[in-house]
Protein chains: 2
Amino acid sequence: MTVRMTIDCMGGDHGPAVTVPAAVKFVQHTDDVELVLVGLEQPIQAQLAKLKAQTHSRLSVVPASEVVSMDDSVEVALRKKKDSSMRVALNLVKDGQAQACISAGNTGALMAVSRYVLKTLVGIERPAIATQLPNQTGGYTTVLDLGANVDCEPTHLLQFAEMGYALVSAVGGKERPSIGLLNIGEEIIKGNDVIKQAGELLRASTLNFYGNVEGNDIYKGTTDIVVCDGFVGNAVLKTSEGLAQMLGNMIKEEFERSWLTKLAALVALPVLQRFKHRVDHRRYNGAALLGLRGLVIKSHGSADAYAFEWAIKRGYDAVRNGVQARLERAMEDNKTQLGETGAAQAAPIAPAY
Amino acid sequence: MTVRMTIDCMGGDHGPAVTVPAAVKFVQHTDDVELVLVGLEQPIQAQLAKLKAQTHSRLSVVPASEVVSMDDSVEVALRKKKDSSMRVALNLVKDGQAQACISAGNTGALMAVSRYVLKTLVGIERPAIATQLPNQTGGYTTVLDLGANVDCEPTHLLQFAEMGYALVSAVGGKERPSIGLLNIGEEIIKGNDVIKQAGELLRASTLNFYGNVEGNDIYKGTTDIVVCDGFVGNAVLKTSEGLAQMLGNMIKEEFERSWLTKLAALVALPVLQRFKHRVDHRRYNGAALLGLRGLVIKSHGSADAYAFEWAIKRGYDAVRNGVQARLERAMEDNKTQLGETGAAQAAPIAPAY
């Protein structure tokens, strides 16, 4: 089976200058993939010409006359730009002409247009954004939601857990991935009411629920999946980016302090480069928009071609592993259990003191 | 003026084995300080004997017969252990016999007993926990709340900002420290209702409000102070701890990979040690419990003597700089402005879409 995906070539800070080279490289290295490049024809063709890839048999171009900019409001993206590369790329997924769409466009617009075009899965009120972060075990922790939902009910957190579970059991190679609920302590009595009720729902579910976890557990790898509301997830993700960057700069500063430290840097270079490679955030680029009737992968807006290629790979892996079908099945199973879940929701909550 | 502080010697994972050596070292290096060691007499005296400090003129011991353990509930700490080292140490502050109390005891118990013994300042509904994190500018970002309050109203976030402002203008050497509101984007329309309303209150206040900031701004040092609710603050802080630890371990692993990398480590050792010193989390130990009628500094429970000494220093600096008087004055000023703030609270909020 060939994996067919659309690329929103105009999204991100750099547009076709990044998205097209990444797409070209990806098809050159991966045999069973076809990529549909969507956007303004002229700049896309110019990039293809530059890379001598105009006639590649597994690359095609579908024109779109408008571009959703990085600071366009949801309103503008939805109502004013009906022929945007983002919208056209998503339409192709909706029409069954592609199995996934990759975009580096602005998150709010991408989520809104995806919801509008693809609609949500049965039983999903709120799609969520999930990404993988490296952890101490050498594996990955999948964290969701990362910012699609700033006000969550307990049932939303349960749904995030179900979607994360479907995703990780499909692409993570784990049959029953474990789920942690991000909280300010491990004890059941910790946290606010929403978290406590979400904990009750998760305990009553058939998922492999570990219990509460704390922020440091994300990087310890205590559980395969960490569930939180989008406000917390976004703060945690961006704090991590900021801290990693500061530490990287500090190492650099220390090695640049004098000719002696510069000499030490030369000797340590291979080691430092290996380390840099391991923690290179570009390799973790590509967050999944989960809960829609079609796969959408969101790349970081500032991604370079290397990073964007990783986002394409993320989509490719998801399609190859049948993530969408698994998500749909999980939501169907969930529907049949709904009575049970509803009962659990009404269960008394431990007192808060 | 001599700074007089009480040390809850029984708190933390290691008790007197850590707290007493830290206290001894601190008085040996600082002339104008007197420390009152509170707890079980026998282990405290044993530590003092070991360090030949039993007769130090600026160290005294006040006995307390009970110990609040790291997993005692708030209930037990408050109602069952009325002669705990924590409570006795706080009572001395309340009675004016000391200007601050330093404890590594469990956070929930310390906050509850502090509130009970010291009471909150006029105008403060919720005390908050504030700490300093290093940032890219070479300075510090003061972040609050870190976990005392898991459900905040907009007015609570405003009060956190006022308390952080009073703290940083006293000890941070900045006359009008800037304040950022932690959010998932810089735009005013971002975030949940609580955050949007808190933004309105902050804009209407006389504080030096910068606007919304994101997680990465904490380490960029965009503002002197970052305000958030305790759930988010706790997640952000613990995530940072987890990430820093993982990265530290990864560097170590890379340098231990082979004899060649071990050789490189030898050459790079001075540089790596300087880096390690700069990011040593022990130097940032000591969070302030703000909003009480007395100064309380909370040390990390797992602190070693070096880290606990930093927490003592944090208390010392706060007393020397008159933090408590500033906080009280700030809250008084605030009371007179209350009408204005109330009006701002009723102002219309930007639409959420």
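How many salt bridges does the structure hold over all chains? I looked this up first, working on a predicted model, and the count over all chains is 28 salt bridges.

**Entry: salt bridges between the chains**

I then asked how many salt bridges fall between chain B and chain A. The count there is eight. One pair I examined is Glu214(B) with Lys238(A), whose side chains meet at 2.1 Å, N to O. Glu214(B) sits in the loop between β8 (208–213) and α8 of chain B, and Lys238(A) belongs to helix α9 (residues 230–255) of chain A, so this pair joins two chains. Is Glu214(B) buried or exposed? With 14% relative accessibility, Glu214(B) counts as buried. Lys238(A) is buried too, at a relative accessible area of 19%.

I noted a further pair, Arg278(A) and Glu254(B), with 2.8 Å between the closest N and O atoms. I also recorded a network of salt bridges that links Glu253(A), Glu254(A), Arg257(A), Arg274(B) and Arg278(B).

**Entry: the contact between chain B and chain A**

I looked up the extent of the contact. Chain B contributes 51 residues and chain A contributes 51 residues. About 4900 Å² is buried between the two chains, and carbon and sulfur atoms give 72% of this area.

For polar contacts, I found twelve residue pairs between chain B and chain A, both residues being at pLDDT 80 or more. On the side of chain B that touches chain A, the elements giving two or more residues are α7 (193–204), α8 (215–220), α9 (230–255) and α10 (259–279). Of these, α9(B) gives the most, with 21 residues. By residue class, this side of chain B divides into 26 nonpolar, 16 polar and nine charged.

**Entry: salt bridges within chain B**

I checked two pairs inside chain B. Asp280(B) forms a salt bridge with Arg282(B), the closest N and O atoms lying 3.0 Å apart. Asp280(B) is buried at 14% relative accessible area, whereas Arg282(B) is partly exposed at 27%.

The side chains of Asp317(B) and Lys313(B) meet in a salt bridge at 3.0 Å, N to O. Both residues lie in helix α11 (residues 305–320) of chain B, four residues apart, about one turn of the helix. I noted Asp317(B) as partly exposed at 25% relative accessibility and Lys313(B) as partly exposed at 31%.

**Entry: domains of chain A**

Lastly, I recorded that chain A is divided into domain 1 (1–118) and domain 2 (122–284 + 322–353). The centres of these two domains, taken over C-alpha atoms, are separated by 28 Å.

Note on methods:
Residues are numbered from 1 along each chain as its sequence is written. Chains are lettered from A and ligands numbered from 1 in the order in which they are written. This is a predicted model: local features need pLDDT of at least 70, side-chain atom pairs count only at pLDDT 80 or more; totals for chains, interfaces and linings use all residues. Side-chain values use heavy atoms; hydrogens and water are left out. Contact means heavy atoms within 4.5 Å. Buried area is the accessible area (1.4 Å probe) that two parts lose on being put together, summed over both. A salt bridge is a side-chain nitrogen of Lys or Arg within 4 Å of a carboxyl oxygen of Asp or Glu. A polar contact is a pair of N or O atoms within 3.5 Å; within protein, one must be able to donate a hydrogen and the other to accept it, and residues adjacent in sequence count only if both atoms are side-chain atoms. Ala, Val, Leu, Ile, Met, Phe, Trp, Tyr, Cys and Pro count as nonpolar, Asp, Glu, Lys and Arg as charged, and the others, Gly among them, as polar. Domain bounds come from an automatic or database domain assignment. Buried means under 20% relative accessible area, exposed over 50%, partly exposed in between (1.4 Å probe, protein chains only).
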